[in-house]
Amino acid sequence: MPKPLRYGMITSALILLLNLAVILLVQTESLKIVFIDLTYPLWNLLAGGALFFAARRALLYSRRRAIAWGFLALALLAVATGNILWAIFEIGLGIDPFPSP
C-alpha cells in the first residue's frame, strides 16, 4: 500500500474516532458544539489541501482532470468558509445560525 494512501486512511480513522469519542463521552451539549464548530473547519481545510495536491498531481496526466480536482478543492474550501462563519456566529456571537433569514 502506498504511503499517502496509508496516511490518509490513518488520518481518516483518527478523525472518525475523535468525533465518535466526543459524541459519546462529552456530556455537556455546549462543549460538543464548541468542539464540533472548531474542528470541522480544520477537517475541511485538511481535505481541501489534499484535493489541491491531487489537482497538482493530476496536471501531469491531464489538464481537464486537474481542473476537475481543482473545482472539488474549491468547493470544499467554500464549505470550510461556511463552517468557519457558522462557528463565529454560534460560538463568538452567540447566534444560532439555523434557520438562516
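1. Which residues in α1 meet which residues in α2? On the α1 side they are T11, I15, L18, N19, V22 and I23, and these meet K32, F35, T39, Y40, W43 and L46 in α2, where contact means heavy atoms within 4.5 Å. By class, this contact of α1 with α2 has eight nonpolar, three polar and one charged residues (Ala, Val, Leu, Ile, Met, Phe, Trp, Tyr, Cys and Pro count as nonpolar, Asp, Glu, Lys and Arg as charged, and the others, Gly among them, as polar).

2. The model is predicted, with local features needing pLDDT of at least 70 and side-chain atom pairs counting only at pLDDT 80 or more, while totals for chains, interfaces and linings use all residues. Residues are numbered from 1 along each chain as its sequence is written, and side-chain values use heavy atoms, without hydrogens and water.

3. The axes of α1 and α2, being lines fitted to C-alpha atoms over the stretch in contact, come within 11 Å and cross at roughly 170°. The two helices are therefore roughly antiparallel to each other, a label given to angles over 145 degrees.

4. The largest pocket (an open set of points on a 1 Å grid with protein on both sides within 12 Å along at least five of seven lines, with lining residues having an atom within 4 Å of a point) has a volume of about 410 Å³. Its lining has 13 residues, of which P4, G8, L46, A47 and A50 lie nearest the centre of the pocket.

5. Both α1 (3-25) and α2 (29-58) supply at least two residues of that lining, and the largest share, seven residues, comes from α2. By class, the pocket lining has nine nonpolar, three polar and one charged residues.

Conventions
1 Å grid on protein atoms, 1.4 Å probe; cavity = no way out; pocket = protein on both sides within 12 Å on 5 of 7 lines; lining within 4 Å. Points joined across faces, edges and corners; volume = space filled by probe spheres on them. Helix = DSSP H or I, 4+ residues; strand = E, 2+ residues; numbered from the N terminus. Axes fitted to C-alpha atoms, helices over the stretch in contact; angles between N-to-C directions. Parallel < 35°, antiparallel > 145°, perpendicular 65-115°, else oblique.
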